[in-house]
Amino acid sequence: MMRPAAQQYVVTRPLYSEESFAQDHEKIYRHRKTMLDHVKQYFTCDAKRAKNTALSLLPVIGWMKGYRFKEWLLGDIVSGVSTGLVAVLQGLAYCLLASLPPWYGLFSAFFPVIIYFFLGTSRHISVGPFPVLCLMIGSAVTRLVPDEGPAFNITGFEGLTRDEQRVLVASSVTFLAGIMQLAMGVLQVGFVVMYLSDTLVSGFTTAAAIHILVSQLKFVLGLEVPGISGPLSLIYVNLEIIFNKITSTNVCDVVISIVIMVVVFIVKEINDRFKSKLPVPIPIEVIMTVIACGVSYAFDFKTRYEYINRPNPQIFQETAVEAFPIAIVGFAVAFSVAKVYSIKHDYTIDGNQELIAFGVSNIFGASFRSFAASTALSRSAVQESTGGKTQVAGLLSAVIVMIVTLAIGFLLEPLPKSVLGAVIIVNLKGSLMQFREIPYLWRRDKADCVVWLSSCIGAFLLGLDLGLAVGLGVELISVILRTQFPRCSLLANIRGTDIYKDRKDYINIYEPEGVKIFRIPSPIFFANTEFFRNKLVEAVGFNPLRVLRKRNKALRMIRKLLKKGKLQWTSIGFLNTSCGPINESEDESNMEELDQPTDFKDFPARIDWNAELPANIVVPRVEIHSLVLDFAAVSFLDISGLKGLKALLKELIRVEVEVYIVPQHTKLHDCSFFDDEVQSSMFYLTLHDAMLHILEKHPEPTQKKSDYEKIITSVTAHHLAGSLRSRDRNVGISLKLCFSLFMVFEK
């Protein structure tokens, strides 16, 4: 903490309104590009732009030119081998989530990685199967090709086995998701994933972890359970089928699963605790899988690479609803992980290029029967923590996958599915532990907690695709509600400073009599214009339109009474000359005239509306003479907001309340906001400028000044080197800021 006497600075300047500031300081005119200018620039091509475009579309050219072979190559090799072993096991295991034969997961750990090596901008993420995407693909697969009953009537299914039909569905959905990602990347709409907040993704992935856990119970327990998709399918599978068949549990599968889960859990905890001392994490999943395989039969994987798979357009029509959330979630997860590592290692990533990279990767992979690729957090952590510096490590991991697939794949044929299910369940620990975020979110931000619970419960009950839509809907509603119903407040001066804070939060404050400072911390647009008006009316304590109408009614009645001789004007005010009481008129004719400014042209003097009025006339009192609107947090105003604001300002001005706005928005000039009543002179540079102007115009009684210890207008401060620097100007009242924060009110 800096001591008050250690350093001081001085700012000596006049009191500024926006108009006086513009007169003293010339503003640079900046040409604003029109939509046509942006279109022309987008389609303009020259040699330099062509080169930059080529480099942006092939990021590998950029980072390979600066590749440090002596420093990075060994780390990339170690990382590639370690990541490749993990990718093999995860590729096999995650196929169970997609309801596909295990070896197809190896394709997803190979083909997309090759494309991402050339097109991706992240140097550290490991591309391949991601459990949530696998589960979403599995939902589409089991819907079109159920375990029991006939498959959908789709051209191209003829002559195919059930597994082949499922592979065709998975690759077609992946192809369509890749097209969507590629289209979004080309159209530069990568920003859409920003609407998937960390809270929403956390709740969604937690629910996905529960789905994954339940989906693996049938393999761990050794039960034959048909795949079911759709709303409430999780509860149906859990309660109606698994519990009914629990007596048919295969004891051998249960024992194998429990042993593997215990061993893998313990070793992974050791890896976490001693990661700084271990050169590479112990690949316990691979070790346990090799042990579980035992002696394998020969199994030929080579034919799997020999022909290209052609996606089915009819499946596109049936699965478009599933493909879109797959495209969004896959990119959102990968981009989030990539952003973490880019910040950690100080390089930039391009969201739109990432969309293109994953789009092309999925299109290419789907042509070779792989399913949607993203990134797995655990696999990316292995690639980064074992020394990986670039996607050379990712390329080497793909080579490891290819070697396993072509050379020793036959050893994996007898691998029990319960082994893969156990490995998957153990790796759900991180996702399931996200439940611990609920108390933290509830204490910090209840709206975010509601988003988390909505996305989690929605995905749990309705399925991942509908659950994501529910979570996104609740999140957007929370954003709308926060902007539509912002927390408005009344500000007060912190005594002895030029700082203004919420009057409810501080004790030592100064509030001049008859002045209100109102702050709105959000844009003013069509949805919250009425809310803004209501909050302002509540803050000032009166409705200006109602007061205006009451005053005009009173004037109408006084004119009638003067005309009838029941009232007379004297030097001391109005004199009631009638004998009996005078009742207030309820004449409601010409209501439009009541909204116009009060007109005193035929009166001998202006009426003091806060004094006692004649003839039993009662008009609501207005206790303030000045209102300051703090618009510093108002980022934009739309046409509806401008109209509502202007109408409100006119009502306040017509009831003799002076309005000051801080600061001025350029859009007001562009929309012809000003007229004879609403003038640009009401805008001030800062709250303190406006307050000083008000105090000069409406000085408080002498006895009030001492009560509040007075307010700043002048100080002296020193430059850091000790020399005094000031610029004296005899314009208005000098406003000066100093570190000592002492304020003195000058007459």
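Analyst: Let's go with α23 (residues 529–540) and α26 (residues 639–654), whose axes come within 9 Å and cross at roughly 25°. Axes here are lines fitted to C-alpha atoms over the stretch in contact, with angles from 0 to 180 degrees between N-to-C directions, and helices are DSSP runs of H or I, at least four residues, numbered from the N terminus. Bear in mind this is a predicted model: local features need pLDDT of at least 70, side-chain atom pairs count only at pLDDT 80 or more, and totals for chains, interfaces and linings use all residues. Residues are numbered from 1 along each chain as its sequence is written, and side-chain values use heavy atoms, leaving out hydrogens and water.

On the α23 side, T529, F532, R533 and L536 make the contact (heavy atoms within 4.5 Å); they meet S640, G641, G644, L645, L648, E651 and L652 of α26. By class, that's five nonpolar, four polar (Gly counts here) and two charged residues.

Now the salt bridge (a Lys or Arg side-chain nitrogen within 4 Å of an Asp or Glu carboxyl oxygen): E651 pairs with R533, the closest N and O atoms being 2.8 Å apart. E651 sits in α26 and R533 in α23, so this links distant parts of the chain, 118 residues apart. Across the whole structure, the search finds 17 salt bridges.

How values were computed:
Helices (H or I, at least four residues) and strands (E, at least two) are DSSP runs, numbered from the N terminus.
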